[in-house]
Amino acid sequence: MASSFWNIAYQQATKSGVLVAKVYSFLHVTTNYLAFPAYAFGPSMIPTLHPSGNVVLAERISKLTRGDVIVLQSPEDPNKLPTKRVVGLEGDSVSFVVDPGKNDESRTIVVPKGHVWVEGDYTQNSRDSRSFGPVPYALVQGRLLWRVWPFQDFGPIGPPTTT
Amino acid sequence: MRWLRYLNQWRGTAKEALEQVSIVAKFLCLIHVTDRYIISSTHVQGPSMLPTLNLTGDVILTEHLSHRFGKIGLGDIVLVRSPTDPTRMVTKRVLGLEGHRLSFSADPLVGDSSVSVVVPKGHVWIQGDNLYASTDSRNFGPVPYNLIEGKALLRVWPPRFLGSLR
């Protein structure tokens, strides 16, 4: 009978649909509350991260401390997710050179409540809080934990290497 | 060895219990995904949105889809995560999108001195409808767009005020 073919097809479709929904839910809960992979590229975090690209693991569990490398939602462009290092927490005083190309004039800012101050490790080529100001804490997406690729540099992402 | 046999007797029950737990877990997942990403109800209270929203508290339906597609427009009432306290959500109206120039009175109780700002790229300007009792962009500045978490659709409680919010 023709209808039983569609019955079987419908049953198969719903079974696959339920499986997809279960896998998606599991992935969703894991990436939103535990850890998620990210692809970071660009020159602003040299030498911690390669400019040509790194696949990293970021976690959402721990509370942020000074020196953590984080993924955040950019306050300038809602679609961009830059990776920078937390240099100041709320209440900290941060000093930075306002226009390094022009002169050595520096400013000191107190990070307001509910915000963090982020800077790239390669300050000469980094758009960070020195341009867009302190970042509200809710825009922080996760803390970088581990680098997965390139394989030669498989390992934890640590404190800035002092040159 | 008697306790092993005892455990075996409970195997059937344990299997049934696990099945029931997994049904409950799947239901909770579905509720969570709907509540966070599609539509949810929020209890809002406070004087900052009078007369649109009541002081003692309203329940409003908020949808969480528009902000992901950039469909937040002028005059929308939005749920925003507070830039000063990341654990709190505030409900305000969007009065300026990026690039808009706004004038506002720095202190409406004191005088008419007005300040003019341009909303920077990637930010929105939010204000409560009750200018005299609202902490909003006039205090903490324009808010990054990504802090918007939902758009208010309609009010569902108290029942005599059921309907759209304008």
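Start by selecting A:Gln73, A:Ala138, A:Gln141, B:Arg36 and B:Glu149: of the 42 residues lining the largest pocket, these lie nearest its centre. A pocket here comes from a 1 Å grid over the protein atoms alone: it is an open set of points where a 1.4 Å probe fits, with protein on both sides within 12 Å along at least five of seven lines, and lining residues have an atom within 4 Å of a point. The space in this one is about 1400 Å³, where volume means the space filled by probe spheres set on the points, with points joined across faces, edges and corners.

Before going on, two notes on what you are looking at. This is a predicted model, so local features need pLDDT of at least 70 and side-chain atom pairs count only at pLDDT 80 or more, while totals for chains, interfaces and linings use all residues. Residues are numbered from 1 along each chain as its sequence is written, chains are lettered from A and ligands numbered from 1 in the order in which they are written, and side-chain values use heavy atoms, with hydrogens and water left out.

Helix 1 and strand 9 (140-149) of chain A, plus helix 2 (11-37), strand 7 (123-127) and strand 9 (148-157) of chain B, each supply at least two lining residues. Helices (H or I, at least four residues) and strands (E, at least two) are DSSP runs numbered from the N terminus. Strand 9 of chain A gives the largest share of the lining, four residues.

Next, show both chains. How many residues of chain A are in contact with chain B? There are 18, meeting 18 residues of chain B, with contact meaning heavy atoms within 4.5 Å. The two chains bury about 1500 Å² between them, 60% of it on carbon and sulfur atoms; that is accessible area (1.4 Å probe) lost on putting the two parts together, summed over both. On the chain A side, pick A:His28, A:Pro78 and A:Ala138, which lose the most area to chain B, together 26% of what that side buries. The whole chain A side splits into seven nonpolar, seven polar and four charged residues.

Over all chains, though, the structure holds 12 salt bridges. Zoom to A:Asp68 and A:Arg143, one such pair, with the closest N and O atoms 3.7 Å apart. A:Asp68 sits in the loop between strand 2 and strand 3 (69-72) of chain A and A:Arg143 in strand 9, so the pair ties together parts 75 residues apart in sequence.

Now go to A:Phe41, A:Lys80, A:Leu81, A:Pro82 and A:Thr83, nearest the centre of the second largest pocket, which is lined by 28 residues. Its volume is about 610 Å³. Strand 1 (35-40) and strand 4 (83-88) of chain A each supply at least two lining residues, and strand 1 gives the largest share, four.

Two prolines are worth a click. The peptide bond from A:Ile46 to A:Pro47 is cis, with omega near -5°, and A:Pro47 is in the loop between strand 1 and strand 2 (54-59) of chain A. Another cis bond joins A:Trp149 and A:Pro150, omega about 0°.

Definitions and conventions
Nonpolar A, V, L, I, M, F, W, Y, C, P; charged D, E, K, R; others polar. Salt bridge = Lys/Arg side-chain N within 4 Å of Asp/Glu carboxyl O.
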